[in-house]
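Work through the exercises below with the sequence and the 3D structure open beside you.

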Amino acid sequence: MSDPMRIRAQAQGNGAVVRVLMSHEMETGQRKDADGKVIPAWHITEVTAALNGKTVMTAQWGTAIAKNPFTQFTVKGAKAGDKITVSWVDNRGDKRTDEATVA
Amino acid sequence: MQTRREMLACSAAVAAALIAAGVLPAQAQSAWNKAAFDAKAVEDVLKALGAAKPVESNDVTLTAPDIAENGAVVPISAASALPDVKRLVFLIEKNPTTLAGSFELTDAVETNVATRVKMAQTSNVYAVAMLGDGRTLYAKKEVKVTLGGCGG
């Protein structure tokens with residue numbers, strides 16, 4: 001199991017700006033180790049964001065997303081106290097879900 | 001002692017059984033569009049995503065640095081004021097994997113997504129918006145990379 005995500009959801013105008021920082025190696029599969037062997041790709045493939053349990057956005061990611069991925073999006077109609085849940089799955093089938101409250 | 005081949009066959013069978021039993025989310029695994037991520041040319045990626053012929057448009061805004069000193073972390077964002085954008089896609093023309101990420105939006109989120117990508121070398125970056133009415137619009141920008149973010 002990987003480290004928890006850092007999620008910040010700030011109420012702003014009619015919605016909430018959500019910033020997510022995930023902890024993941026995001027290995028591209030292009031690099032080689034000291035012995036010249038290719039390090040296999042290891043990256044997040046899918047991300048799902050939900051507001052109070054209802055999915056509002058999904059994303060598919062490739063290897064080109066930077067290490068320890070950051071993403072930001074704005075959820076309409078979210079107000080203080082609402083729950084934002086973000087989960088990801090990587091290409092090894094590992095997964096993680098974290099939750100934050102809109103402030 | 002099992003050979004590697006038997007072992008692989010065995011684990012595949014176990015995985016299939018787990019999917020059948022609903023333990024592993026088969027749908028979540030298969031939703032990842034491998035064809036699109038494997039495609040090299042910008043047009044091929046968009047075709048694999050089922051996009052219409054892309055048209056350059058001022059209605060899509062791509063924010064990216066002019067010069068990225070470190071190709072391993074390049075902040076980019078895309079936004080559009082148009083209604084009914086179903087999907088925002090980031091493409092990096094000269095990366096080993098052209099498609100960086102694809103964000104499927106719903107009515108509940110604004111058409112404004114930011115992330116950070118890796119860039120192997122100086123290249124055009126595309127932000128592509130796929131609309132509900134079938135149109136595909138894009139904005140592009142060249143980002144100069146001083147130090148590549150892939151390989152080493």
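The predictor's confidence in each residue is expressed as pLDDT, on a scale from 0 to 100, and two residues are in contact if their C-beta atoms, placed from the backbone, lie within 7 Å. This is a predicted model, in which local features need pLDDT of at least 70 and side-chain atom pairs count only at pLDDT 80 or more, whereas totals for chains, interfaces and linings use all residues. Residues are numbered from 1 along each chain as its sequence is written, while chains are lettered from A and ligands numbered from 1 in the order in which they are written.

**Exercise 1. Confidence**

Task: Determine what average pLDDT chain B has, and where pLDDT stays under 50.

Solution: Next, turn to residues 21-29 of chain B, where pLDDT stays under 50 and the model has eight contacts beyond four places in sequence. Finally, for the complex, the predictor gives an ipTM of 0.91 and a pTM of 0.82.

**Exercise 2. The strands that pair with β9(B)**

Solution: Two strands pair if DSSP finds at least two bridges between them. By contrast, strand β1 (residues 54-56) of chain B pairs with strand β9 (residues 136-147) in the parallel sense over three bridges, with Pro54(B) opposite Thr136(B). Strand β3 (residues 67-70) of chain B is also parallel to β9(B), through three bridges, and here Ile67(B) stands opposite Lys144(B).

**Exercise 3. Between the chains**

Task: Find which strand of chain A gives the most to the side that touches chain B.

Solution: First, 29 residues of chain A are in contact with 32 residues of chain B. On the chain A side, β3 (44-51), β4 (54-61) and β5 (70-76) each supply at least two residues, and β5(A) gives the most, with seven residues. Lastly, β4(A) is joined by five bridges to strand β6 (residues 99-105) of chain B, the two running antiparallel, and Met57(A) stands opposite Leu105(B) in β6(B).

Conventions: Helix = DSSP H or I, 4+ residues; strand = E, 2+ residues; numbered from the N terminus.
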